[in-house]
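Please open the model in your viewer and keep the selection panel at hand.

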Amino acid sequence: MTKVGVVGAGILGLAVARRILELRPEESVTVLDKEDRVAAHQTGHNSGVAHAGVYYAPGSLKARLCRRGIGLLQEFCAERDLPYDECGKVIVARTDAEVAPLREIERRAAENGVPGLRWLDGSGLREVEPHAAGVAALHSPHTAIVDFPAVARAFAGDVLGAGGAVRLGCEVIGIRRDGERVRVITAREEFVFDRLIVCAGLQADRVARLAGDSPGPAIVPFRGEYYRLVPSRTDLVRGLIYPVPDPRYPFLGVHFTRRVDGGVDVGPNAVPALAREGYRRRDLSGADLWETLRWPGSRRMARRNWRTGLMEMYGSVSRRAFIARARTFVPELTAADVVRAPAGVRAQTVDADGSLVDDFRLGRVGRVVTVRNAPSPAATSSLAIAEYIVDLAT
């Protein structure tokens, strides 16, 4: 019997394990994760948006896998009676200077096959989002919101139901490639697999290096901080209100996101995190910080982007500055309308030259496949990425 190991019980690792058992139910599949629950990190701390594929470069893995992934995700949620709300998204040009970049996004989205796109003028924007302000907008009515932790738990249930195992509390501390076998040492026991797939999220580069993969690209963590509209003010936003993104960065900037529970989040910013799993400002890991600082790409990235970094940090410490940025989209918003919400941490992958890795990136070392970069829309695309990875790993 072929034995396959998957490191990481986030939505992607679980989707991969599920796909293997779907194709080859006779194989033995074991998912390993250091936490006591699935979806403990990026899957459980994201915005819950199922992206339609609006932004991504045509032909990129992001574009291709997002378009297939959202269809598969919608079908899965319908089958399992999980929340899937096509509340729609508007990408807003606040000034005339943002109209041309928004037209480029429209071109990309059309080439990617995003359905139902509409160009809106200022009055059309207010018909969709009455409290939003802008000179123009692109409306994607099929962008949706989802409960990704619930999806991940359903994936885990499928893995278990098909005879696989999900071993929690098993932190991987060593990987040895031993001929035709891969030995995985955890804090509790040792496992022997015929193939191994690493989907370790915030720890992806570290686990990949344990398997003998290259030092880079490396994970540089960024904390994304949110505010949340108080219940009496959630009527300010009907769906999702997004900015025209800066093409230099993979971060979208502050936006408004309706959640499946009816709440509305405002954010996130993007500030350097002092720990890979540092969801609070006071969270600090000396080992994580040292590893970030010693990576050459981190220093080169900082030299290029220090002005933007200072602006993000100012928004982090100043509630007034954060809300002022958000008010450029919804002018009625006031500081009294929001409360602090839980933060997330993005596993931003950075090459040695300081470039921010934008597209999905995989590696392979013998019988080990490593997912080195899986940013948004990875949750949306998880079922499609799983197909791609399992084909590669076969």
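Predicted model: local features only at pLDDT ≥ 70, side-chain atom pairs only at ≥ 80, totals over all residues.

The expected span of a helix is 1.5 Å times one less than its number of residues.

Select residues 382-393, which form helix α10. Its 12 residues reach 16 Å from the first C-alpha to the last, close to the 16 Å expected at 1.5 Å a residue. The helix is mostly covered, with 9 of its 12 residues buried. Colour these separately: Ser-382, Leu-383, Ala-384, Ile-385, Ala-386, Glu-387, Ile-389, Val-390 and Ala-393. Now display what they pack against: the helices α1 (11-23), α2 and α5 (148-161), together with the strands β13 (195-198), β20 (361-365) and β21 (368-373).

Among the buried residues of α2 are Leu-61, Leu-65, Cys-66, Ile-70, Leu-73 and Phe-76.

Return to Cys-66, within helix α2. Is this residue buried or exposed? Cys-66 counts as buried because its relative accessibility is 0%, and the cut-off for buried is under 20%. Show its contacts; leaving aside residues up to four places away in sequence, Cys-66 touches His-51, Ala-52, Gly-53, Tyr-56, Leu-61, Pro-377, Thr-380 and Ser-381. Finally, draw a distance from Cys-66 to Ala-379: their C-alpha atoms are separated by 9.2 Å, although the two residues are 313 residues apart along the chain.

Note on methods. Residues numbered from 1 in each chain as written. Heavy atoms only, no water. Buried < 20%, exposed > 50% of the residue type's maximum accessible area, 1.4 Å probe, protein only. Helix = DSSP H or I, 4+ residues; strand = E, 2+ residues; numbered from the N terminus. Contact = heavy atoms within 4.5 Å.
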